[in-house]
Amino acid sequence: MSVTSAVSSDYNSGVSNVPIEHQFNPYSDNGGTVLGIAGEDFAILAGDTRHTTGYSINSRYEPKVFSVGDELLITANGFAADGDALVKRFRNQLKWYHFDHKKNLTIKSAARFIQHLLYGKRFFPYYVHTIIAGLDEEGKGAVYSFDPVGSYEREQCRAGGGAASLIMPFLDNQVNFKNQMDPDSNGTAKKELKYLKLDEVISLVRDAFSSATERHINVGDGLEILIVTKDGVRTEYYPLKKD
Amino acid sequence: MNHGPYDWGRPSDDTYGAYNHQIAAANNSQFPKMNTQQPIVTGTSVIAVKYQDGIVLAADNLGSYGSLARFSDIERLLPVGDSTIVGISGDISDLQQIERILDDLQVQDSYDMEKPNLKPEHVHEYLSRVFYNRRSKMDPLWNSTIVAGLSSTNELVLKYADLLGVTYSSPAIATGFGAHLAIPLLRRKVETEEDASKLTEEEAVELVRNCMKVLFYRDARSIDKYSLAVISQSRKKIDIHKGLRCEDMKWEFAKHIRGYGAPQL
């Protein structure tokens, strides 16, 4: 015999007996936050290195931003098992792409491919915010960001994961100059857009992460920044607060 | 179409009649297929820490049936190949299933290779994929595991994998209650890889044994009998000590124990 309860609501006046069941939850949140910014001739993809479940810190150094070859950076932040599975599938297919076509995968094609990987699980989604970064066919920095089911867009910058809502408005202001006016125009003209330099971007990212660390419990321990330029991929590590 | 919030999008019963559940029940049974919904007989925490020359790993010997201490000689540290230990907590029948899966893996490996080639990084990858595939079928193996050993390049491997397929690596890892009770004690000595490289084998064993004692004091589903594995890089060897006991415990009336409760003169 099963435990049942009479459920009715504003939407459903018919009283039906639905058993109350405890179901296995196939998802969890492993915290962390990620951030991608595109410059004129470079792109960066950064993420903190803390890995959590609930209030427990599982690891202080578990990288989640990867350089997968072809000067492509990828991260899938959210439910770590899905993130790892997505990156593994991408890496595997990239290998086959090289065997089959003997050429590098462009970031444009990588983005479309990831849409298909994500949408392929539309009805049991990968619970992740995916961001890829690299250089486009003209050598300009490119960042593409995805929602869990594959909708995507090319952008100048995007924050994802736990502290995305803390970092994104800061980026809107500092990268895309939102709500900034040209100081000489006496408040009549918007500040003109321009590409940021790499060292400016690095200091923006460091500020964004140290601020997010202060205000978000699942962000901290370390910051790993992967930088892609025409000369290849480089990694920088900066410690964050461990509390 | 049914527009009620509970069955939205399903064909409405008025038009199509009630759904015949026999159709989807491929097992042709009267009941739908049943998967593990909850663990039954369980094992509590597994703890592990790195030291300068290897890894120390421990898990107690209790199999709990809810709050009943049902079995007292369950071995939860499994050697896999000659350079890996897998410590398993959670459901014991799923532990035994994993034992068989890993045994098959070893047999397969011994057919393919002339000498043992199964290393902890392979075992961890395999095990985490088994977990992830089972969770994706909504039929999980209800365990949290720690895989420890010496890799193909004789480096230390210490990694975690659980029923969701979540994995991570850290110089100090604990499952279950150990994540709350033992991790703070372990991290006090080993916060980073650098700290681990300064810890001696004797210190590491003492640290882990102290954690097992604290777990026995505070975890109601634990027992004072446990197994402890020492993985040594320089000796290229794994020793499993079985039937160890928690020692030097104080069970006097709390008021008379120094360092417990209000400070005493």
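**Notes on the model**

1. A:R50 counts as buried, at 2% relative accessibility (buried is under 20% relative accessible area, exposed over 50%, partly exposed in between, with a 1.4 Å probe and protein chains only). Its salt-bridge partner is A:D221, with N and O 2.8 Å apart; a salt bridge here is a side-chain nitrogen of Lys or Arg within 4 Å of a carboxyl oxygen of Asp or Glu. The two sit 171 residues apart, A:R50 in the loop between β4 and β5 (51-53) of chain A and A:D221 in the loop between α4 (198-215) and β13 (222-229). A:D221 is buried too, at 0%. Shared partners extend this into one salt-bridge network of A:R50, A:R60, A:D221 and B:E191.

2. Some housekeeping: this is a predicted model, where local features need pLDDT of at least 70 and side-chain atom pairs count only at pLDDT 80 or more, while totals for chains, interfaces and linings use all residues. Residues are numbered from 1 along each chain as its sequence is written, chains are lettered from A and ligands numbered from 1 in the order in which they are written, and side-chain values use heavy atoms, with hydrogens and water left out. Helices (H or I, at least four residues) and strands (E, at least two) are DSSP runs, numbered from the N terminus.

3. Over all chains there are 21 salt bridges. One of them joins A:K64 to A:D48 at 3.0 Å, N to O. A:K64 is in the loop between β6 and β7 (65-67) of chain A and A:D48 in strand β4 (residues 43-48), so this pair ties together parts 16 residues apart in sequence. Both residues are buried. Another is A:R158 with A:E155, at 2.8 Å; here A:R158 is partly exposed at 22%, whereas A:E155 is buried at 15%.

4. On to the interface. Chain A and chain B bury about 2,100 Å² between them, 55% of it from carbon and sulfur atoms (the accessible area, 1.4 Å probe, that two parts lose on being put together, summed over both). A:F24, A:N58 and A:K88 supply 28% of what chain A buries against chain B, more than any other three residues. In contact terms (heavy atoms within 4.5 Å), 28 residues come from chain A and 22 residues from chain B.

5. How many salt bridges cross between chain A and chain B? The count is 3, and one between the chains pairs B:R135 with A:D82, closest N and O atoms 3.1 Å apart. On the chain A side, β6 (56-59) and α1 (80-101) are the elements giving two or more residues. The largest share, 5 residues, comes from α1(A).

6. Aromatics: 12 pairs over all chains (ring centres of Phe, Tyr and Trp, its six-membered ring, within 6.5 Å; planes under 30 degrees apart are stacked, over 60 edge-to-face, the rest tilted). A:Y27 and A:F124 are edge-to-face, 5.9 Å centre to centre with 70° between the planes. Both residues lie in loops of chain A, and the pair ties together parts 97 residues apart in sequence. A:Y27 is buried at 18%. One aromatic cluster holds A:Y27, A:F79, A:F124 and A:Y127.

7. Finally, chain B. B:S64 lies in strand β4 (residues 63-65) and is buried at 2%. Leaving out residues up to four places away in sequence, B:S64 touches B:I40, B:V41, B:T42, B:R70 and B:R221.
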